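The following paragraphs lead through selected parts of a protein structure.

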Amino acid sequence: MSKKVRLGIIGIGNMGGGHVANICGGNCPEIELAAVADINPERLKPVIDRKVNNDGNEIKIFNDASEMIKSGTIDAVLVAVPHYDHPRYVIEALENGLHAMSEKPAGVYTEQVKQMNAVAAKHPELTFGMMFNQRTNPMYQTMKMMIESGEMGQIRRTNWIITDWYRTQSYYDSGDWRATWSGEGGGVLLNQCPHQLDLFQWVCGMPKKVYARLQFGKWHDIEVEDDVTAFVEYENGATGTFITTTGDTPGTNRFEVTCEKGKMIADENGLRVVKLEHSIDDYTYNKDSGAFSSPKIVFDGKVECKGYGLNHFGHIGILNSFAENILHGTPLLAPGVEGINGLTLSNAMHLSQWLGREVEIPFDDALYKEELMKRVATSRRKTDVREQVVTQWAK
């Protein structure tokens, strides 16, 4: 392989275009943009006009992703197409000897993602990554490290309110596939929240039970969910809530984890940690504890979040981690096979609403797909579409 990873991007919409900008902007020194593929000629035009990448080499243009995958001009692909096709192109890339990076979510339903992961397992020599850029945030890394170290004790309660995803109707009207069961496979859980759902389980672990109330088209003219309130229960009996919407503004992004020895609160102000002198259970059952007393707080304040000490963050960080793994064997921050975890939570929330009951994890993958396809069968595509394609990245 060359000193750089020759990358081909499938889908040059807003996300794919952003990745082109980062690579061509010199933010990914070990990646060369070698090719792009899109079925929409308008999206390809800015790349055609650019002609060459930062290395002075021609950027190959394809209107068929499979042709690009089999062209021999690339070492890896980045899949940035609508959600249903993420597993399809990852599988095709891996089976043709290419490394693969997928945009979030991993897919729309767990059955197809398990198939993708099975193919990845057959190709351990290839790198498979997921674009979970929030894993580069030192704040969430610090939370994960503190829980895994045991210094906070076992988790007792988790709460994430993530309501700063406000979207207008024009956003949903920017593509005929958006916010439809047939095109996107879901709403806020599939589009905006895969990052938080991934972090929710990455930091706290997977719950065993989910009960959720979803409202479809509550705040917008769409057929999928734009308002979610979910309750989860963990193996150790801890409970939690996950609340999200695209209908609130100003919104909130607050992730709070209460443990035996204190709590952590992550929000726009950073990470606040509260530590107790005694664990809650020990203090509760200590016969010398006063009736209305509580454990002494020994620390309450913001903490410096160094996390894993990465040199790069966000989308750029994930791309660079991908290249470093391919070229140097550096551990991958967001392995692609882990994409199924957040999707499992999303699917469980949908299934809970559709069935009107609590759902245990793991659930019946075939049942979820069956329920989803009932909605796909009656899904309507928009006709008044005002596509918003970002082109300034190609300049």
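Isoleucine 31 belongs to strand E2 (residues 31-37); helices (H or I, at least four residues) and strands (E, at least two) are DSSP runs, numbered from the N terminus. The model is a predicted one, in which local features need pLDDT of at least 70 and side-chain atom pairs count only at pLDDT 80 or more, while totals for chains, interfaces and linings use all residues. Residues are numbered from 1 along each chain as its sequence is written, and side-chain values use heavy atoms, with hydrogens and water left out.

Isoleucine 31 counts as buried because its relative accessibility is 4%. Buried means under 20% relative accessible area, exposed over 50%, and partly exposed in between (1.4 Å probe, protein chains only). Neighbours within four places in sequence set aside, the contacts of isoleucine 31 are Lys4, Val5, Leu7, Ile23, Leu319 and Ala323, where contact means heavy atoms within 4.5 Å. Between isoleucine 31 and alanine 76, 45 residues apart in sequence, the C-alpha to C-alpha distance is 9.8 Å.

Strand E10 (residues 239-245) is largely enclosed by the rest of the structure, because five of its seven residues are buried. Two strands pair if DSSP finds at least two bridges between them. Strand E7 (residues 155-162) pairs with E10 in the parallel sense over six bridges, and threonine 239 in E10 is the bridge partner of arginine 157. Strand E9 (residues 225-233) runs antiparallel to E10 and is joined to E10 by seven bridges; here threonine 239 is the bridge partner of glutamate 233. A hairpin is formed by E9 and E10, with five residues between them, and glycine 237 in the turn has a positive phi of about 95°.

How many disulfides does the structure hold? The number is zero, a disulfide being a pair of cysteine sulfur atoms within 2.5 Å. For cysteine 24, which is in no disulfide, the nearest cysteine sulfur is that of cysteine 28, 9.7 Å away. Cysteine 24 counts as buried because its relative accessibility is 12%. Cysteine 28 likewise counts as buried, because its relative accessibility is 2%.

Helix H11 (residues 339-355) has 17 residues, which at 1.5 Å a residue should span 24 Å; its end C-alpha atoms are 24 Å apart, in agreement. The expected span of a helix is 1.5 Å times one less than its number of residues. Since 15 of the 17 residues of H11 are buried, the helix is largely enclosed by the rest of the structure. Glycine 356 follows H11 and has a positive phi, near 70°.
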